[in-house]
Amino acid sequence: MSDTPLLFTPLTLRGVTLPNRVVVSPLCMYSCHGNGMANDWHFAHLSTFARGHAGLVFCEATAVTPEGRITPQCLGIWNDEQAEALKPITRFIESMGCVPGMQIAHAGRKASHMRPSKGAAPLTEADAASGNAPWPTVAPSAEAVTPNAPVPHALTTEEIAELVQAFAEAAKRAHAAGFKVLEIHGAHGYLIQSFLSPLGNKRNDGYGGDIQGRMRFALEVTEAVRAAWPDDLPLFFRISAVDGSDDGWSLDDSVVLARELAARGVDVVDCSAGGIKGAPSFRTPVQGGGERPPGFQVPYADRVKHDSGVKTMAVGVIYDPHQAEAILAEDRADLVALGREIMYNPFWPLHAAEELGADPDHAMWPEQYGWAVKRRSQILGFKGIKAAE
């Protein structure tokens, strides 16, 4: 039996082997210049995580249409030029022995907003002078996400079909750009999740009503994307496992959805939560206690994994290497994703490997750093930050 911590044990998904189980969660940077194009910031941002040796490095939620952006500064992949701009990023991530991943998304009624650092309010005509002109939003139903947000256009069945195709075309471009893992964003109140949740979907046609109707758009997107995405490359799907409201989407619903996704070729269900009402709101009915305690969404990944039979990824206040290892060792998820923690410490995987005894000789570090970091330990007479405290 191997002494290697599970966190640093490779995981093979279809034809792709992740070098470890640490994942950089998709992190919106709001740093494009209005054209959805990746730039120097995106390269610097994502290359840092590859140098930090995260097994799977996702870029941010990437819009499949211009109208699908959360903000004017969000990344897009609705044209070939955008895909071309991402190629240096995927090449560098792979050169570090890591795997590049893309999350494709449509913000739905949560589109056309200012970026969070500017207040995250819906754009108005007054913002047009600063280059942030608003655009019409779409949703399953003509219901605003907040009282001060514009009422979205309720999509017709023809428009739904066009969006399904837009997701498929985005998948093809993601592959052309060099990504090896693809994730469909079906969480946080964005377009797909607003179809899934009874709080966002008030339709009375084939795309609404009971859970089968509300799942239809998500499943059609998944089928189209899986058909466009190579068979030997894995497909993830991010869900909001619960809405956090008794009359909303439930964990039981998530298990049903996960089974349907797996039947359509999804390899990993990424279990997040909340977001259907206004800003993301997270309750922890499974775990209990506190708004966001450490690992507060792990019970969702655990339940979906064991009741659906599909692999899952846990995310949400995972920050300690021993905590992350325990999630895997207890078979509660197959991967762990970090967001704010890995922004705070982009070299978290390397520090975690040292803490867990998986890399005593700093062999996982980039060659350009490893010899110096090893010498640092020798000079200081300890290994790891905690030992010096």
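Leaving aside neighbours within four places in sequence, isoleucine 77 is in contact (heavy atoms within 4.5 Å) with Thr62, Ala63, Gln82, Ala83, Leu86, Met102, Ile104, Ala170, Arg173 and Ala174. This is a predicted model, in which local features need pLDDT of at least 70, side-chain atom pairs count only at pLDDT 80 or more, and totals for chains, interfaces and linings use all residues. Residues are numbered from 1 along each chain as its sequence is written, and side-chain values use heavy atoms, with hydrogens and water left out.

Isoleucine 77 lies in the loop between strand E4 (56-63) and helix H2 (80-95); helices (H or I, at least four residues) and strands (E, at least two) are DSSP runs numbered from the N terminus. The residue is buried, with a relative accessible area of 0%, where buried means under 20%, exposed over 50% and partly exposed in between, for a 1.4 Å probe and protein chains only. Its C-alpha atom is separated by 18 Å from that of alanine 227, 150 residues apart along the chain.

Two packed helices are described by the angle between their axes and the distance between the axes. Axes are lines fitted to C-alpha atoms, for helices over the stretch in contact, and angles run from 0 to 180 degrees between N-to-C directions.

| Helix pair | Axis distance | Angle |
|---|---|---|
| H3 (residues 157-176) and H5 (residues 211-228) | within 8 Å | roughly 35° |
| H8 (residues 321-329) and H10 (residues 348-355) | 9 Å | about 80° |

H3 passes H5 in a right-handed crossing, meaning that the near helix is turned clockwise from the far one by less than a right angle. On H3 the contact is made by Ile160, Leu163, Val164, Phe167, Ala168, Ala171 and Lys172, and on H5 by Phe217, Glu220, Val221, Ala224, Val225 and Ala228. By class, this contact has eleven nonpolar, no polar and two charged residues.

The angle of about 80° between H8 and H10 makes H8 roughly perpendicular to H10, a term for angles of 65 to 115 degrees. Pro321, His322 and Ala324 in H8 meet Trp348, Ala352 and Glu355 in H10. Four nonpolar, one polar and one charged residues form this contact.

A search of the whole structure finds zero disulfides, a disulfide being a pair of cysteine sulfur atoms within 2.5 Å. The sulfur of cysteine 59 is 9.6 Å from the closest cysteine sulfur, in cysteine 28, which is too far for a bond. Cysteine 59 is buried, with a relative accessible area of 2%. Cysteine 98 is likewise in no disulfide, the nearest cysteine sulfur, that of cysteine 59, being 15 Å away. Cysteine 98 is buried, with a relative accessible area of 3%.

Conventions. Ala, Val, Leu, Ile, Met, Phe, Trp, Tyr, Cys and Pro count as nonpolar, Asp, Glu, Lys and Arg as charged, and the others, Gly among them, as polar. Angles under 35 degrees count as roughly parallel, over 145 as roughly antiparallel, 65 to 115 as roughly perpendicular and the rest as oblique.
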